[in-house]
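The entries follow in the order I made them.

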Amino acid sequence: MPPLDPAEPRTDWTRGEIAALFELPFTELVFRAGQVHRAWFDPAEIQLSQLLSIKTGGCAENCGYCSQSASFDTGLAATKLMDAEAVIADAERAKASGAQRFCMGAAWRDLKDRDVPKVAAMIAGVKALGLETCATLGMLTPEQAATLKTAGLDYYNHNLDTSHTYEDRLDTLEHVRAAGMKVCCGGIVGMGESRADRVGLLHSLATLPAHPESLPVNALVPIKGTPLGESPPIDGLEFVRTIAVARLVCPKARVRIAAGRDSMSRDLQALCFLAGANSIFVGTKLLTTPLPGLDKDSQLLADLGMRPAGLKFPKRSGAGQ
């Protein structure tokens, strides 16, 4: 396979081409991904995002991996939609801890019109703090997307691994684009899928009319009480391969290590950064699953000589000793 030209992203990738990338020798794949990463980003920078569950549990969907589905007994108590004031206060704490983007997630299949004003107030309040805003609220109508954009929503997350039909997902992504928002779209790996399935996921993303600006790659966190609650973890090197191929086929995206990072070693996370990941979720929790926490993340970035995007940190004396 000839060297990749990072000058211009493509939307005409074939499944065969993406499968061939997965088959490259590991060191060659990571090297190529690193080259493309450096063409578009500072490889020492990591974007920090924080995600808050603004409405937890009781979801009518039955996604086999999710603790928030009403179909499964996971011991999770359902809650009502949070008040805007509480969400904004949480966003203030996130900003003080170094987060640059604040994401709001609700356990819904789709956003109800009755909840739009309250969600819009949250978005406006978070935006006023100077944070980038993101939301994941299920499927949207064109009118809802326009209202959220007016409120100040920068990104909308809608992944490709839910139980919605493909047409539903495409419709929501089209509404988000039409409203002038950026797209955050990725998927979950480690659900018993084959490599061909992972090729298919990345092919779907790489052939969208415009690539997602954010591309989260989630490693399944098995939740007791769900159908996938006893799933073995995805092989670490295969996870890194997935990160590297995502970087190659969507070169301008922020490729984010999302769910599952709490169980990843420091070495594995470093390999992901080497392969082109340049965004992580921070805090203590990602919706309902754990994250490493600020102290561990700060230490990891310092030991790697990396810094939050947009900041210039001096080298830490004694690092690596």
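**Charges over rings**

I looked for charged groups over aromatic rings and found Arg 256 over the face of Phe 281, 4.7 Å from the ring centre. The rule I used asks for NZ of Lys or CZ of Arg within 6 Å of the ring centre and within 35 degrees of the ring normal. Arg 10 also lies over a ring face, that of Trp 13, at 4.2 Å from the ring centre.

I note that this is a predicted model, where local features need pLDDT of at least 70, side-chain atom pairs count only at pLDDT 80 or more, and totals for chains, interfaces and linings use all residues. Residues are numbered from 1 along each chain as its sequence is written, and side-chain values use heavy atoms, with hydrogens and water left out.

**Cores**

I looked up the nonpolar cores, meaning sets of buried Ala, Val, Leu, Ile, Met, Phe, Trp, Tyr and Cys residues joined through side-chain atoms within 4.5 Å. Buried is under 20% relative accessible area, exposed is over 50% and partly exposed is in between, with a 1.4 Å probe and protein chains only. The largest core has 81 residues, and those that touch the most other members are Ile 54, Phe 102, Leu 137, Leu 148, Phe 239 and Phe 273. Helix α8 gives the largest share of this core, eight residues. Helices here are DSSP runs of H or I with at least four residues, and strands are runs of E with at least two, numbered from the N terminus. A second, separate core has eight residues, among them Cys 134, Tyr 155, Ala 258 and Phe 281.

**Cysteines**

How many disulfides are there? I count zero, taking a disulfide as a pair of cysteine sulfur atoms within 2.5 Å. For Cys 185, the nearest cysteine sulfur belongs to Cys 184, 7.6 Å away. For Cys 250, the nearest is that of Cys 185, at 9.3 Å. Cys 185 is buried at 0% relative accessibility, and Cys 250 is buried with a relative accessible area of 0%.

**Helix α5**

In α5 (residues 142-151) I found Gln 144, Ala 145, Leu 148 and Ala 151 buried. They are on the same side of α5 because they cover an arc of only 120° around the axis, the arc being that of the directions from the helix axis to the C-beta atoms. Glu 143 and Thr 150 are exposed on the other side of α5.

**A loop proline**

Pro 233 sits in the loop between β7 (214-219) and α8 (236-249). Pro 233 is exposed, at 73% relative accessible area.
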